[in-house]
Amino acid sequence: MKHLRTTTLILGMLCLLCTAAHAQSGIKKGYDRIVNGYGMTFQWNQDPQLLTGHLQAPTQGWMTITFRSLTDPAKTASVTTRIVNEEGEVLSTAGPTTLNPKLVGSVEDAGQSSVEFSLQLQPLMDELSLKQGDPMLLILSFGLNDSIPSPAFVQHQVWTHL
């Protein structure tokens, strides 16, 4: 019986270590924050001026990331992207006109799309009335085709902070 408990304890510890290693291995090199759900992943870094992010989804349609204030849900900012003819593009933004995201790269392959972008952090924080470290809602969504408006196929919401 003692041997069985020891074996169970060791296997449990190994499972925890494997889970932690898998979570860390999911982070694309160069990013230190990650949220994911329903096949979508958003990874990002930030410094006082710039947010740099990588958004990936199991689609060959549009992808949107929305930042929403926790204290005032009417305050939102979003970036919608798509990839057409192997070229990524920003389809639309909502929020401050100074948000102005810059696409850094894009890939669409085997039913997966990913875009890397950067945006100025201060206009985003101002639009949402946030200070560094305040909680916020991050909404990841995607559609099955490149047409806007087409309904979101999947939407995932997670509380986080910048």
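The questions and answers below walk through a predicted model of one protein chain.

Visitor: How many helices and strands does the chain have?
Guide: The model is predicted, so the description rests on computed features. From the N terminus on, the elements run α-β-β-β-β-β-β-β-β-α-β-β. The totals are two helices and 10 strands.

Visitor: What share of the residues in the chain is buried?
Guide: The chain exposes about 9,400 Å², and carbon and sulfur atoms supply 57% of that area. A residue counts as buried under 20% relative accessible area. Of the 162 residues in the chain, the buried share is 36%.

Visitor: What share of the contacts with a separation of 6 or more comes from residues 24 or more positions apart?
Guide: A contact here means heavy atoms within 4.5 Å. Among contacts in the chain with a separation of 6 or more, those between residues 24 or more positions apart account for 50%.

Visitor: Which residues of the largest nonpolar core touch the most other members?
Guide: In soluble globular proteins, nonpolar side chains tend to be buried together. The largest nonpolar core here has 28 residues. Those that touch the most other members are Phe 42, Leu 55, Ile 65, Leu 124 and Leu 138.

Visitor: Which residues does Leu 55 touch, not counting residues up to four places away in sequence?
Guide: Leu 55 is one of the core residues that touch the most other members. Its contacts, with residues up to four places away in sequence left out, are Met 40, Thr 41, Phe 42, Met 63, Thr 64, Ile 65, Ser 113, Ser 114, Val 115, Phe 117 and Leu 140.

Visitor: Why is the pair of Phe 42 and Phe 117 called stacked?
Guide: A pair of aromatic rings is described by the distance of the centres and the angle of the planes. Two rings pair if their centres lie within 6.5 Å, and planes under 30 degrees apart count as stacked. The centres of Phe 42 and Phe 117 are 6.1 Å apart and their planes are at 15 degrees, so the pair is stacked.

Visitor: How many residues apart are Phe 42 and Phe 117?
Guide: Phe 42 lies in strand β2 (residues 40-46), and Phe 117 in strand β8 (residues 112-120). Both Phe 42 and Phe 117 are buried. The pair links distant parts of the chain, 75 residues apart.

Visitor: Which residues form the aromatic cluster?
Guide: The count of aromatic pairs comes to two. Phe 42 and Trp 44 form a stacked pair, with 5.0 Å centre to centre and 15 degrees between the planes. Trp 44 is buried, as is Phe 42. The one cluster is formed by Phe 42, Trp 44 and Phe 117.

Visitor: How many bridges join strand β7 to β8?
Guide: Strand β8 pairs with strand β3 (residues 50-57) in the antiparallel sense over eight bridges, and Gln 56 stands opposite Ser 114 in β8. Strand β7 (residues 102-109) also runs antiparallel to β8; the bridge partner of Ser 106 there is Val 115. The bridges that join β7 to β8 number seven.

Visitor: Which residue takes a positive phi in the hairpin of β7 and β8?
Guide: The hairpin has two residues between the strands. The positive phi, near 50 degrees, belongs to Ala 110.

Visitor: Is Thr 64 buried or exposed?
Guide: Thr 64 is found in strand β4 (residues 63-69). A polar contact of 2.7 Å joins its side chain to that of Thr 80. The cut-off for buried is under 20% relative accessible area. At 8% relative accessibility, Thr 64 counts as buried.

Visitor: Which side chain has a polar contact with that of Thr 160?
Guide: Thr 160 has its place in strand β10 (residues 154-161). With a relative accessible area of 12%, Thr 160 is buried. The polar contact is 3.2 Å, and the partner is Arg 33.

Notes: Residues numbered from 1 in each chain as written. Predicted model: local features only at pLDDT ≥ 70, side-chain atom pairs only at ≥ 80, totals over all residues. Heavy atoms only, no water. Phe/Tyr/Trp six-rings, centres within 6.5 Å; stacked < 30°, edge-to-face > 60°. Buried < 20%, exposed > 50% of the residue type's maximum accessible area, 1.4 Å probe, protein only. Helix = DSSP H or I, 4+ residues; strand = E, 2+ residues; numbered from the N terminus. Pairing = 2+ DSSP bridges. Areas by Shrake-Rupley, 256 points an atom, 1.4 Å probe, with all protein chains shown as cover. Polar contact = N/O pair within 3.5 Å; in protein donor to acceptor, adjacent residues only side chain to side chain. Core = buried A, V, L, I, M, F, W, Y, C linked by side-chain atoms within 4.5 Å.
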